[in-house]
Amino acid sequence: MRRTGTTRRGALTATGALALGTVLTGCGGDDEGAGGKRPAHSGAGAATSAKAEKALREKAVRDGALLLARYDLVAEAHPATAAGLVPLRAAVAEHGKALAPPRAKGEPKGDKAPPAPAGPVSADPKAAVRELAAAERRRADGYGEALLTAGPELARLLASVAAAAAAHAYLLTELAEETAV
């Protein structure tokens, strides 16, 4: 008998299609509406925009570092879940690298120790993985909201990372169901 409902493959396909659609929509030419003319930007507006983008990127990196620490705590507390968490954790680490603000020439690298996540990990492995899924959902929602204020290039990146975070939330929910207590 064929299983009905949402499958992992179907969810990942849909998530990928949404991310691709978002990226392709963001690649459209927005200059046509202005008669082919680019809007004039003042130097002060560009500087403010650059500062806002840098702050947005720094917040995304901090949030990613907190999530990575949370993945590590769950894997350490519940070794049976570690194998399922490794690829998702690796993707979160790559997202952090992609979102990191570009450094100015001569600026120190500034690798700070990641902040410790708040609160202990649940003693129940299913609950701990569900908490990770909820954190990924919050991350996806946060990046979705950040799209409204981000510049075009950063918005495309945030859309991709938000789609990945939504897929992670789904996969973590499935992992929680498969996890033995």
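Trainee: In which helix does proline 125 lie?
Mentor: Proline 125 lies in helix H4. Helices here are DSSP runs of H or I with at least four residues, strands are runs of E with at least two, and both are numbered from the N terminus. Before we go on, note that this is a predicted model, in which local features need pLDDT of at least 70, side-chain atom pairs count only at pLDDT 80 or more, and totals for chains, interfaces and linings use all residues. Residues are numbered from 1 along each chain as its sequence is written, and side-chain values use heavy atoms, with hydrogens and water left out.

Trainee: How many helices and strands does the protein chain have?
Mentor: The protein chain has five helices and zero strands, so the order from the N terminus reads α-α-α-α-α.

Trainee: What span should helix H4 have, at 1.5 Å a residue?
Mentor: The expected span is 1.5 Å times one less than the number of residues. For the 22 residues of H4 (residues 125–146) that gives 32 Å, and the end C-alpha atoms are 32 Å apart, which agrees.

Trainee: Which residues of H4 are buried?
Mentor: Buried means under 20% relative accessible area, exposed over 50%, and partly exposed in between (1.4 Å probe, protein chains only). In H4 the buried residues are Pro125, Ala128, Val129, Leu132, Ala133, Ala135, Glu136, Arg139, Ala140, Tyr143 and Ala146. They sit on the same side of H4, because they cover an arc of only 155° around the axis, taken from the directions from the helix axis to the C-beta atoms. The general idea is that an α-helix has 3.6 residues a turn, so residues three or four places apart point the same way. On the other side of H4, Arg138, Asp141 and Glu145 are exposed.

Trainee: Is proline 125 buried or exposed, and by what value?
Mentor: Proline 125 counts as buried because its relative accessibility is 13%. Its C-alpha atom is separated by 9.4 Å from that of alanine 75, 50 residues apart along the chain.

Trainee: With which residues is threonine 179 in contact, leaving aside its neighbours within four places in sequence?
Mentor: Contact means heavy atoms within 4.5 Å. Threonine 179, in the segment after helix H5 (152–178), is in contact with Thr81, Pro125 and Lys126. With 9% relative accessibility, threonine 179 counts as buried. A polar atom of its side chain lies 2.6 Å from the backbone oxygen of leucine 175.

Note on methods
Polar contact = N/O pair within 3.5 Å; in protein donor to acceptor, adjacent residues only side chain to side chain.
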